[in-house]
Amino acid sequence: MSYFKDPPKKQLGQHFLHDPGVVRRLVAAIAPAPDDRIVEIGPGQGALTRPLLERVRQLEAIEIDRDLAAALSAEGVKVHVADALEFDFSVFAPGVRIVGNLPYNISTPLLFHLARYADRVRDMHFMLQLEVVDRMVAAPSTPEYGRLSVMLQTRFRMEKLFRVSAGAFRPPPQVESAVVRLVPLGAPPGCDAARLEDVVRKAFSARRKTLRNALGLAPEDFAALGIDPKLRPENLSPQ
Ligand code: SAM
């Protein structure tokens, strides 16, 4: 791929997959069918894009780097030159499948952004840093459990699929990676989404506080919830 003349841009989290075995495993995990509609976030030099295009008729990509986007467009890929953090994913018809080897520097805000579109996606498969995947799937009362776990677990069933070592990328990142699958839960949480975001943010803003103190509720109001007042946010399941 000699026409990618520019060196990788660190500030855009550019670590390009070059291990064909990892690409094969990732494509096998996605298991694309010809009629699937796939959106790839951060296609980069197309390591994942090309094998996916061999299997599906409809693939669009969102890439912030104009040069990389132009190179893929020249190959016939429909690329939106945009910031995935700002992108309105509701432009895609429901049932879309979202995939990507995500830029690690924005992975957490990007996951919060994508969670808002859970009712429109069929599933999502992402390569992320291992530590973030561990936080996504963490159980209550473990050190990894926090705001990301709760916000995603209220919208998705998630599965950590396999680990990927740094050597699979050029340049290698400083961290280990893992592939995760997110499948939307049948029913969204039975409360207002913005309110849920707000309560979870407040709850985890001071991890050492009890839930009652973190939310600043009067004892009698908290008692009405029927939750043990000694519990911290990290001890409670998303439900
Ligand atoms: N998918 C390619 C691969 O596996 O080799 C590239 C993965 S690289 C880790 C992340 C890609 O996301 C880069 O191409 C980078 O330019 C792009 N990117 C970074 N920030 C982005 C953003 N905010 N919105 C869309 N794409 C972004």
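1. By class, the residues lining the second largest pocket of this predicted model comprise 16 nonpolar, 10 polar and 3 charged. The lining has 29 residues, and those nearest the pocket centre are Leu 12, Gly 42, Glu 63, Asn 101 and Pro 103. Strand 1 (16-17), strand 2 (37-41) and strand 3 (58-63) each contribute at least two lining residues. The volume of the second largest pocket is about 430 Å³.

2. The largest pocket has a volume of about 600 Å³. Of its 22 lining residues, Leu 196, Val 199, Val 200, Leu 211 and Leu 215 are the closest to the centre. Helix 7 (193-204) and helix 8 (211-215) each supply at least two residues of this lining, and helix 7 gives the most, with 8 residues. The lining of the largest pocket divides into 16 nonpolar, 2 polar and 4 charged residues.

3. There are 5 aromatic pairs in the structure. In one of these, Tyr 145 and Phe 204 have ring centres 6.3 Å apart and planes at 75 degrees, so the pair is edge-to-face. Tyr 145 is in the loop between helix 5 (130-136) and helix 6 (147-153), while Phe 204 is in helix 7, 59 residues apart, so this pair links distant parts of the chain. Tyr 145 is buried, at 0% relative accessibility, and Phe 204 also counts as buried, at 14%.

4. Phe 87, Phe 89, Phe 92 and Tyr 117 form a cluster linked by ring pairs.

5. Two arginines sit over phenylalanine rings. The charged end of Arg 25 is 4.1 Å from the ring centre of Phe 162. Arg 147 lies over the face of Phe 112, at 4.1 Å from the ring centre.

Note on methods. Residues numbered from 1 in each chain as written. Predicted model: local features only at pLDDT ≥ 70, side-chain atom pairs only at ≥ 80, totals over all residues. Heavy atoms only, no water. 1 Å grid on protein atoms, 1.4 Å probe; cavity = no way out; pocket = protein on both sides within 12 Å on 5 of 7 lines; lining within 4 Å. Points joined across faces, edges and corners; volume = space filled by probe spheres on them. Helix = DSSP H or I, 4+ residues; strand = E, 2+ residues; numbered from the N terminus. Nonpolar A, V, L, I, M, F, W, Y, C, P; charged D, E, K, R; others polar. Phe/Tyr/Trp six-rings, centres within 6.5 Å; stacked < 30°, edge-to-face > 60°. Buried < 20%, exposed > 50% of the residue type's maximum accessible area, 1.4 Å probe, protein only. Lys NZ or Arg CZ within 6 Å of the ring centre and 35° of its normal.
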